[in-house]
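Thanks, everyone, for making the time. I would like to walk you through one model this morning, so please have a look at it on the screen before I go on.

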Amino acid sequence: MFLVGLSGGIASGKSTVVSILRGLGCAVIDADVIARQVVQVGTPAHSQIIFHFGEEVLLKNGELDREKIGAIVFSNPEKRALLNSITHPPIRRAMLRQTLCYFFLGYKYVILDIPLLFESGTMTRYMKHTVLVYCDPQTQVERLIRRSGLSREDVQKRLAAQLPIDSKLPLADHVIDNSGDRESTRRQVLQLHHRLQSSLGYLPTRIAALTVGAGLVVLMWSLIRRLWQ
Ligand SMILES: Nc1ncnc2c1ncn2[C@@H]1O[C@H](COP(=O)(O)OP(=O)(O)OP(=O)(O)O)[C@@H](O)[C@H]1O
């Protein structure tokens with residue numbers, strides 16, 4: 001099995017592409033969903049965040065006020081590093097657990113949908129392939145306005161706070177251009193899926209796992225034989 005990192009820009013079409021991939025039966029791990037799960041009420045990360053950031057970052061129902069925490073860490077790199085040091089280890093563990101599940105289920109590749117994959121600089125090294133869901137900046141603005149109802153000015157501000165999507169183009173192994181209609185995107189996703197599915201990149205981990213498994217069986221067998229003798 002091998003890992004495929006998928007990312008894009010705000011409203012570039014990541015969810016659209018992921019839902020096509022899921023429809024094809026692909027294994028997808030959503031980093032955003034995991035990031036929410038690990039800070040749910042009652043989790044160790046939730047308690048640590050209250051300890052370091054105070055109860056003022058909570059909503060009335062005890063959940064974290066993501067907007068408030070976002071505003072704090074946006075302007076304070078130390079707090080951002082602190083928050084990351086609390087949340088990243090359980091996120092990594094959960095991703096690893098899900099990846100192993102898919103491995104044992106026999107999937108050839110697993111897609112990790114990571115919004116800041118290219119910005120993180122470290123995650124790409126674990127990926128055999130990286131995919132950028134691209135959308136030309138003008139279409140991106142129009143779709144974001146339509147989806148959010150924000151003014152053009154606010155949308156431009158949001159986009160300016162992110163790495164421009166064009167600068168991610170040279171960083172990706174594959175690009176799905178979602179600037180056109182949904183059918184064109186679907187065709188590109190199908191092509192990519194066939195390419196990844198027919199790749200032999202999954203063999204090294206399978207062979208390694210089979211070798212370890214066979215080694216364990218031999219070890220157990222010789223232990224049992226010794227006990228019987
Ligand atoms: N090919 C397309 N044609 C028309 N509209 C599209 C297309 N792809 C996506 N959209 C619309 O654009 C908006 C953004 O798409 P989507 O939610 O897939 O992007 P995203 O990258 O997951 O966004 P974000 O990360 O900001 O949540 C949605 O309203 C979606 O319906």
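What you see is a predicted model, and the protein is divided into domain 1, covering 1–26 together with 107–198, domain 2 at 38–100, and domain 3 at 202–229. Between the C-alpha centres of domain 1 and domain 3 the separation is 41 Å.

Let me turn to the sheet, which is open and built from 5 strands in the order E2-E3-E1-E4-E5, with parallel pairing. Strand E2 (27–30) and strand E5 (174–177) are at the edges with a single partner strand each, so one side of each has no neighbour in the sheet. From one strand to the next, the twist averages 25°. Helix H9 lies across E1, E3, E4 and E5, and runs at about 160° to E5.

That brings me to the ligand, which is surrounded by 14 residues, the closest being Lys-14, Ser-15, Thr-16, Arg-143 and Arg-147. Which helices each supply at least two residues of this shell? They are H1 (14–23), H7 (137–148) and H9 (182–197), and the largest share, 3 residues, comes from H1.

Conventions
Residues are numbered from 1 along each chain as its sequence is written. This is a predicted model: local features need pLDDT of at least 70, side-chain atom pairs count only at pLDDT 80 or more; totals for chains, interfaces and linings use all residues. A residue is near a molecule or strand if its C-beta atom, placed from the backbone, lies within 6 Å of it. Helices (H or I, at least four residues) and strands (E, at least two) are DSSP runs, numbered from the N terminus. Domain bounds come from an automatic or database domain assignment. Two strands pair if DSSP finds at least two bridges between them. Axes are lines fitted to C-alpha atoms, for helices over the stretch in contact, and angles run from 0 to 180 degrees between N-to-C directions. Two residues are in contact if their C-beta atoms, placed from the backbone, lie within 7 Å.
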